[in-house]
Each structure stands twice: as C-alpha cells, then as structure tokens.
There are 2 protein chains.
Amino acid sequence: MAATAAFVVIGDEILSGKTKDKNIGVLADALASAGIDLVEVRIVSDHEDAIVSAVNALRQSADYVFTSGGIGPTHDDITADAVAAAFGVGIDVDPRAYALLSDWYEKTGRTMNAARERMTRIPFGADLIENPVSIAPGFRLENVFVLAGVPAVFLAMLETILPTLEGGVPLFVEKLPFACGEGDIAEALGEIAAANPDVSIGSYPKMSGGAFTTEIVLRSRDQAALDAATAQAQKLRASLPDAAPSA
Amino acid sequence: MAATAAFVVIGDEILSGKTKDKNIGVLADALASAGIDLVEVRIVSDHEDAIVSAVNALRQSADYVFTSGGIGPTHDDITADAVAAAFGVGIDVDPRAYALLSDWYEKTGRTMNAARERMTRIPFGADLIENPVSIAPGFRLENVFVLAGVPAVFLAMLETILPTLEGGVPLFVEKLPFACGEGDIAEALGEIAAANPDVSIGSYPKMSGGAFTTEIVLRSRDQAALDAATAQAQKLRASLPDAAPSA
C-alpha cells in the first residue's frame, strides 16, 4: 500500500483567477515519481478558519499534507498562524529562522524589519524546511509540510523534502493512444478493466481539430499485471478499423 | 453580499499529474467577471465516496457548486451516479438526453451503444445543460452544476450557465506593480489594509531573473473605497527609492 498525500493551496489569488496555479501539477508529478498517491487537493482562501479546517481534515485522511502560500511578510500571510491554530500550538519568532534571515539580509545589504521578522514566526515544535532561493524557511509540523507559494521556491523546498518521505511504492504506467472516441471502445475497455483488478485503467478523451481521440492510461504497482492488461488493450486497438474520431 | 461558488474537479488524471488542469483558471476568471466569489476548489479522485463527500460538503457552504469530469461513456465515468447518491435520488437513462444523443449519432453516421447510452443517465429531477460541442449534456440538480472535463466542452457548458446565475456583484480591481520585494513595503501596506476595511488588498511576490518584485492587487465592490485605498498605495509607491528588488 503506497503512502498518500494531500495538498492545500492557500491563496485568494488563485480563487480570484488573478494567478493560474503552477504548483499542483509540479507536486502531482513529483509525488507520482516518488510512488506516493496524491489523493486530494483543496484550494482555500486566505482566511484562518478555511486553512484550519482544510489542514485538520486532510492531516487525518492522508499520510502527508503539503501547503503552499501565505508564508511571506505581508498582512495577508497568515498560514503559519493558521497551522499553529490547527495543531493547537503556540507560535513565535524562531531563533533558527531569525538567524538565517538576519544573516541573509546583512549579506545582501538589507535590514531586518517587523515585516521580515514576520517570516521568522514558526509554530512551536516545527522543523524548518530550507529555502535555498530566498532563505525564508518553510516548516514541518508532524505530517504537515508548509511551503512557499512562489513556484521557484515551492519546487526548491519540495526537492529538499522528497528524499525524506517514506512509503513510496513505484508506479508502473503504460499509455495507449486510440484514434477513436471513447464511445467506440468503452464497452471492451470496461471488460478489460473488470478482468484486471490490480490495474487502474483511465480513459481520457481529447479534442483535436474538433474531433475526439482517446488516451488510455494503465497504472499498476504490479509490472506483470500491467503487462497483461496492456497486451489486452493493444489487442483491442489492433482490432479496430481506422475509425473516424468520434465521441 | 456577493453569491459564492465552489468547484469540484473530478479526476485521477489531475491528481496523478498526467493532465494539468485548465478548468480551474477558466472558472475562476468567469466567476470573477460575473461578480461571484469562488471560495473553494477541491480536486478529488474518481471514487464515489470522494465525490459524494466533496459535493455534499460544498453544496451546503456555497451558493453554487460546479463539477468537472467523469460524465463520459467509460467505466471510470461515475460522476452522474455519485451526484445522484449525494442527493439521495435515483438515476436512469433520461429520454431528453437519449433523444439528443441518438439524433446526433444518426446524423454523424454512428450508432448508439451501451457505452454511449451511459452518457444519457441523468439523476431524477435534474435539468440538462446543453453541450454544443459534443452534444452529450451536463445537468443541474438544485445548486450543483455537473459539467464535462474536456476544456472546450467545460467552457461551452459554462457559457450557457453563467447568464442564469444570480447574486453577482461587480468587483472593482486595481493592480499596482512594485519594483521591490514584499519586505520593503509590508508594514506600510498593512497600515493601508487596516485603514481600508472595505478593500481586499493582496500582495503577490514574483521572481523574475532571480529577483523579487511585488504586485499589489486591491479589490472592492465599492468603487469609492477602492479609489481611496489605491491612492494611498500609489502614494506609498511614489515614496520609495528605486529599490533593488529584494525579498
């Protein structure tokens, strides 16, 4: 059984349409490679109750929870306080984070101020997550990993975390493009799915030039089971006429 | 008070990273233009219990709920059954949907089959949502709108729905780019936010060429309040030295 993960994207800018999320796809790809199942994503607003309820719901249902956004220096950066509230622990300026940032500002000719100090407030009991891009750290509290929302920083933090996660089980994947629409193969495909319980078979319609094609994706943690199901799907594809794409 | 909306994205293909979602940004933009607040998005897997719990949680908390995906003809298309289960109503082949699709297949030289008939199964009591792209309809049950996942079809269905939604309140938006990082303006910005309770002020750091800049976005449904806060933010920006971008 593979470990499971959930993702809480914190940001009014995504919900308002102002910013198009880039981190969901990055995390999904990284977890898939690590053999960890991403089971749910929630995008919530910059309000403490919304963050607290999402984090508390998902840290119960998933082995790992990642959050992105809301750990900067501005008035709308409330993630650290919300996560502390979710766990019922205190939060204050963290000497480790303060040292990292004050050194960084000194090196770069800037000065610590109340807003930047805000980025050093870390819930009690949390471990810091290194930020090689802009230094201000993320943190881990139990199974919850709090990361920055800026994609370059999110990815850098994620890359430091991934090797520390346990429970990954490699997932084997085969993809078969079909020139026809789903309606032409759905019945035969359903029979193949029923006959191969250890293989997850997904059917993904695509529109290209106003016509539908279909990509069949077979996933399994059992290579032999995947090979058997893939052979059956290839046989199905070979049996089809060169169908005009249809839905 | 503006109406609120939530979005349930149904699809293992998004969670697995295979497909990068395009519909969240499209819906967020459309609702923002309509003056309706998107308050939460959940991406869930193709499992009935996951869909049922997301739909039932969000149809209570939001005025409108949209879903995308899982209404095609294949074995993994279970959204209609899951939504029927969420509402505790029955589901069967819908004569209106059946007529639409059988006519369409006849016109396009194809034949109805069990898989295509699956796309005509609609929960009892639902209204159909027109699909001008590939005909197979979505449906509305109370405040829940069930749409296709293929972006071209999702958008076409959304465009037919939007004019029917009530409660939209136009949102006025001003954007001010700052050449500095958030840390240089966070304190002054916090004071402006506190002094303008009717204006939502967001601060969005961006990395460009390894340096941080900041975009300040002011939003309000009160034009006069927005103008006042925007003037204060412009005054702040004018007061800054040409700072080297920093975090």
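Is A:Glu142 buried or exposed at 55% relative accessibility? A:Glu142 counts as exposed, where buried means under 20% relative accessible area, exposed over 50% and partly exposed in between, with a 1.4 Å probe and protein chains only. Here are some notes to read beside the structure.

1. First, the ground rules. This is a predicted model, in which local features need pLDDT of at least 70 and side-chain atom pairs count only at pLDDT 80 or more, while totals for chains, interfaces and linings use all residues; side-chain values use heavy atoms, with hydrogens and water left out. Residues are numbered from 1 along each chain as its sequence is written, and chains are lettered from A and ligands numbered from 1 in the order in which they are written.

2. Back to the opening residue. A:Glu142 is not a glycine, yet it has a positive phi of about 50°. Its place is the loop between strand S7 (138–141) and strand S8 (144–147) of chain A; strands (E, at least two residues) and helices (H or I, at least four) are DSSP runs numbered from the N terminus.

3. Chain B has its own Glu142 to look at. B:Glu142 has a phi near 50°, again a positive value in a residue other than glycine, and sits in the loop between S7 and S8 of chain B. With 56% relative accessibility, B:Glu142 counts as exposed. The hairpin formed by S7(B) and S8(B) has 2 residues between the strands, and B:Glu142 is in that turn.

4. Now follow S8(B) itself, residues 144–147. Both of its faces are covered: B:Val144 and B:Val146 are buried on one side, and B:Phe145 and B:Leu147 are buried on the other.

5. S8(B) has neighbours to trace, where two strands pair if DSSP finds at least two bridges between them. Strand S3 of chain B (residues 64–68) runs parallel to S8(B) and is joined to it by 4 bridges; B:Val65 has B:Val144 as its bridge partner. Strand S7 of chain B (residues 138–141) runs antiparallel to S8(B), with 3 bridges, and B:Arg140 stands opposite B:Phe145.

6. Two helix pairs in chain B are worth a look. The axes of H8 (residues 186–195) and H9 (residues 223–239) come within 10 Å and cross at roughly 165°; axes are lines fitted to C-alpha atoms, for helices over the stretch in contact, and angles run from 0 to 180 degrees between N-to-C directions. H8(B) and H9(B) are therefore roughly antiparallel to each other (over 145 degrees; under 35 is roughly parallel, 65 to 115 roughly perpendicular and the rest oblique). B:Ala188, B:Leu189, B:Ile192 and B:Ala195 in H8(B) meet B:Ala229, B:Gln232, B:Ala233 and B:Leu236 in H9(B), contact being heavy atoms within 4.5 Å.

7. For the other pair, the axes of H2 (residues 23–34) and H7 (residues 151–161) of chain B come within 10 Å and cross at roughly 20°. H2(B) and H7(B) are therefore roughly parallel to each other. Among the residues that meet are B:Val26 and B:Leu27 in H2(B), and B:Phe154 and B:Leu155 in H7(B).

8. Finally, the two chains together. A rotation of 180° with 0.0 Å of shift along its axis superposes chain A on chain B, with an RMSD of 0.0 Å, which is the relation of a two-fold axis; the superposition is by least squares on the C-alpha atoms of residues with pLDDT of at least 70 in both copies. A:Arg42 comes closest to the rotation axis of the residues of chain A, at 2.2 Å (C-alpha). Because 98% of the interface residues of chain A are also interface residues in chain B, the copies meet through the same surface.
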